[in-house]
Amino acid sequence: MKHLMRSLALAAVACGSSLTLTNCAGTYGGYGKPNMGTTPTTEERSLQISSEPTGNFYYGRRYFVYKTRFWGYLRKPRQPWSEAALVIMNENSTYQPDRLPEDGPYDERHGYDQNYNYKITGSYTGRKIYDPNSNLFLPEFRATSFKLIDRSPGWLFSPADHYNPSVITLTNRSVQMPR
């Protein structure tokens with residue numbers, strides 16, 4: 001009986017600790033306070049997306065994380081960002097806008113366009129490419145053109161987004177993070 005009571009007490013402490021830690025991490029997704037802006041509002045973003053022009057192109061949001069080789073998120077016009085795909089760019093047709101050295105002045109190096117919004121033409125190749133630094137298999141997209149739309153579009157998936165250039169913090173349901 002004494003052993004059973006002790007086991008129950010330990011289980012209660014473990015459960016309580018787990019709930020507390022989960023709750024704290026859940027506040028900001030476990031990555032830190034939001035730092036990508038709170039504008040537009042969720043409603044304004046939905047309205048923007050629902051009134052976008054349509055066509056044979058994609059909207060792309062550059063997502064740069066040191067040492068990874070994915071490009072960012074792509075979505076079809078009028079599709080929410082929550083359904084966007086994290087992609088690796090195939091540069092056989094054209095180079096991505098930040099095809100620059102990884103060192104050098106901030107605005108003249110690979111990744112300078114973090115969170116820029118683009119209108120991109122091209123197509124998916126049907127291949128999945130492995131990015132060893134993120135441990136993800138991602139769809140390959142062959143772009144034929146990039147047109148800058150916005151240098152400061154705000155948050156990507158939620159006003160609670162936190163960007164960290166050293167860790168993958170911005171994911172949606174299409175990205176299956178390794179365990």
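Is Arg99 buried, partly exposed or exposed? Select it and see: at 39% relative accessibility, Arg99 counts as partly exposed (buried is under 20% relative accessible area, exposed is over 50%, and partly exposed lies in between, with a 1.4 Å probe and protein chains only).

Before you click on, remember that this is a predicted model, where local features need pLDDT of at least 70, side-chain atom pairs count only at pLDDT 80 or more, and totals for chains, interfaces and linings use all residues. Residues are numbered from 1 along each chain as its sequence is written, and side-chain values use heavy atoms, leaving out hydrogens and water.

Glu91, at 23%, is partly exposed.

Next, pick Asp113 and Arg62, whose side chains meet in a salt bridge at 3.2 Å, N to O. Asp113 sits in the loop between strands E3 (85-90) and E4 (117-131) and Arg62 in strand E1 (residues 58-62), so the pair ties together parts 51 residues apart in sequence (strands, E, are DSSP runs of at least two residues, numbered from the N terminus). Asp113 is buried at 0%, and Arg62 is buried at 1%.

Now go to Glu140 and Arg127, a salt bridge with its closest N and O atoms 3.5 Å apart. Glu140 is in strand E5 (residues 136-150) and Arg127 in strand E4, 13 residues apart. Glu140 is buried, at 7%.

Last stop: select Arg62, Asp98 and Asp113 together, which salt bridges with shared partners join into one network. The whole structure has five salt bridges.

Definitions and conventions:
Salt bridge = Lys/Arg side-chain N within 4 Å of Asp/Glu carboxyl O. Helix = DSSP H or I, 4+ residues; strand = E, 2+ residues; numbered from the N terminus.
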